[in-house]
Amino acid sequence: MIERISTQVSPDDTLRAAADIAPCDSAIKTLAVIGVGAWGSALAAIAERSEHKIRMWSRRSPENLADVIAGADIVLSAVSMKGVPSVAEQVRQIGLTEGTIIVTATKGLDPKTLRTPSKIWQDAFPDHPVVVLSGPNLSKEIVQKLPAATVVASTDIPAAESVQEFFSTDTFRVYVNTDPIGTELGGTLKNVMAIASGVCDGMKLGTNAKAALLTRALPEMIRVGTTLGASAETFFGLSGLGDLLATCDSPLSRNYQVGFGLARGKTLVEILDQLEGTAEGVNTARVLVRLANQHEIPIPISRQVSRLLKGVTTPQEAVQALMERDLKPEFCDLFEDDDS
Ligand SMILES: NC(=O)C1=CN([C@@H]2O[C@H](COP(=O)(O)OP(=O)(O)OC[C@H]3O[C@@H](n4cnc5c(N)ncnc54)[C@H](O)[C@@H]3O)[C@@H](O)[C@H]2O)C=CC1
Ligand SMILES: O=C(CO)COP(=O)(O)O
């Protein structure tokens, strides 16, 4: 696990000017990053410029959380899903300055309450704007300053626009969206599909199979999303299709690596032991099955991924089960229930 503590960017440092980043006029200057793993560190690096003050906190860092968030214009959480409820509660007990924007970059679902990270933050801070940041953003490419785009979504548009301005650079293009739940679920649900995609490649099923998998993955994600209040359109954007393509086709993706390893006969325990960082799709698959059962949403691909992760099916049986389902018209099940 990558665990960077506030060494490069300390609470009292004035940050060095990044030569390739134009000065930003935003009134928003102070960022507190909570969760300094691969993604939190990458986002801090993106925001780094002379007029920004960046403070960082993770559970093993020497800084005091209250000092790090005090007076921050933006509090960004890049904690993995399992840490979100407890971290949100710690921050709630400390309290935030009025007007502080909360940005959540976690892609996951809470196993206890089935809530998304943005819902957890909004429940803890009903009077603060909450902005979801999600998109095709493999952190290893972002830190190399390769061009990338992302989405910041909120029902509070001025807050989303402030976050857009704060994080935009000439290599990181930020779009605003008004559908936070859709934006968040795109990034969350594609992690399960990335596991399926890794299985597909690990089994050498070929390009046709991969194209079929990813194409059928999208309506499955849309069915879940629209049931939970998202707009279908959002899933055709960067945080849906965009992140699906990035994560399902890259060995840099930890979720893809999980699927690939399972297809090559490794156990889940072995894979997770060797994995650098968090593969949220493992938890998400389990939670998603419960959500889908509750709402009667057909999720055939995710259900096979969940069975594979539980060890109750093999990759070969999972593929067979998907191929042997009832025949149907291509578009009958985008918004309607069918068998799973
Ligand atoms: N790495 C990437 O390319 C991207 C990751 N994400 C998402 O960002 C989130 C974090 O991912 P990474 O930074 O890659 O993971 P990571 O494993 O590198 O870092 C996770 C961070 O969460 C903290 N954490 C974990 N459990 C905690 C707990 N119980 N209490 C407090 N803190 C806790 C860790 O200390 C660490 O700072 C995930 O939801 C992931 O899906 C989103 C976009 C890109
Ligand atoms: O969300 C990501 C890219 O957008 C990162 O994917 P992994 O968590 O699978 O590495």
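**View 1. Lys140 in helix H5.** In this predicted model, Lys140 belongs to helix H5, which comprises residues 139-142. Lys140 counts as partly exposed because it has 13 C-beta neighbours inside 10 Å, a number that falls between the limit of 20 or more for a buried residue and that of 12 or fewer for an exposed one. Along the chain, Lys140 and Ala42 are 98 residues apart, and their C-alpha atoms are separated by 8.1 Å.

View 2. The shell around ligand 1 holds 29 residues, of which Gly37, Trp39, Gly83, Lys107 and Ser139 come nearest. At least two residues of this shell are supplied by each of helix H1 (38-47) and helix H3 (84-94). Helix H1 gives the most, with 3 residues. Sorted by class, the residues around ligand 1 are 11 nonpolar, 13 polar and 5 charged. Ligand 1 lies between domain 1 (30-178) and domain 2 (181-323), because both domains give residues to its shell.

**View 3. The surroundings of ligand 2.** Ligand 2 is surrounded by 14 residues, and the closest are Asn137, Leu138, Ser253, Arg254 and Asn255. Two or more residues of this shell come from each of helix H7 (180-202), helix H9 (238-248) and helix H10 (254-263). The class counts for the shell around ligand 2 are 4 nonpolar, 6 polar and 4 charged residues. Residues of domain 1 (30-178) and of domain 2 (181-323) both take part in the shell around ligand 2, so ligand 2 lies between the two domains.

**View 4. Positions annotated as "binding site".** According to the unreviewed UniProt entry, the annotation "binding site" covers Trp39, Arg59, Arg60, Lys107, Ser139, Arg254 and Glu280. These positions do not all gather at one spot, because they span 242 residues in sequence and the farthest two C-alpha atoms are 22.6 Å apart. Two of the annotated residues, Arg60 and Lys107, are included in the UniProt annotation and are described in the next two views.

**View 5. Arg60 in a loop.** Arg60 is placed in the loop that runs between strand E2 (53-57) and helix H2 (65-69). With 8 C-beta neighbours inside 10 Å, Arg60 counts as exposed, since the limit for that class is 12 or fewer.

**View 6. Lys107 and its contacts.** The loop between strand E4 (101-104) and helix H4 (117-124) contains Lys107. Lys107 has 29 C-beta neighbours inside 10 Å and therefore counts as buried, the limit for that class being 20 or more. When neighbours within four places in sequence are left aside, Lys107 is in contact with Ser134, Gly187, Thr188, Asn191 and Glu280. Lys107 is also one of the residues that come nearest to ligand 1.

**View 7. The contact between domain 1 and domain 2.** The protein is divided into domain 1, residues 30-178, and domain 2, residues 181-323. A distance of 24 Å lies between the C-alpha centres of domain 1 and domain 2. In the contact between them, 23 residues of domain 1 meet 29 residues of domain 2. On the side of domain 1 that touches domain 2, strand E5 (130-134), strand E6 (148-153) and strand E7 (172-177) each supply at least two residues. The largest share of this side, 4 residues, comes from strand E6. By class, the side of domain 1 that touches domain 2 is made up of 12 nonpolar, 9 polar and 2 charged residues.

Terms used:
Residues numbered from 1 in each chain as written. Chains lettered and ligands numbered in written order. Predicted model: local features only at pLDDT ≥ 70, side-chain atom pairs only at ≥ 80, totals over all residues. Near = placed C-beta within 6 Å. Nonpolar A, V, L, I, M, F, W, Y, C, P; charged D, E, K, R; others polar. Domains from an automatic or database assignment. UniProt positions renumbered as here; feature names shortened; annotations may be inferred. Contact = placed C-beta atoms within 7 Å.
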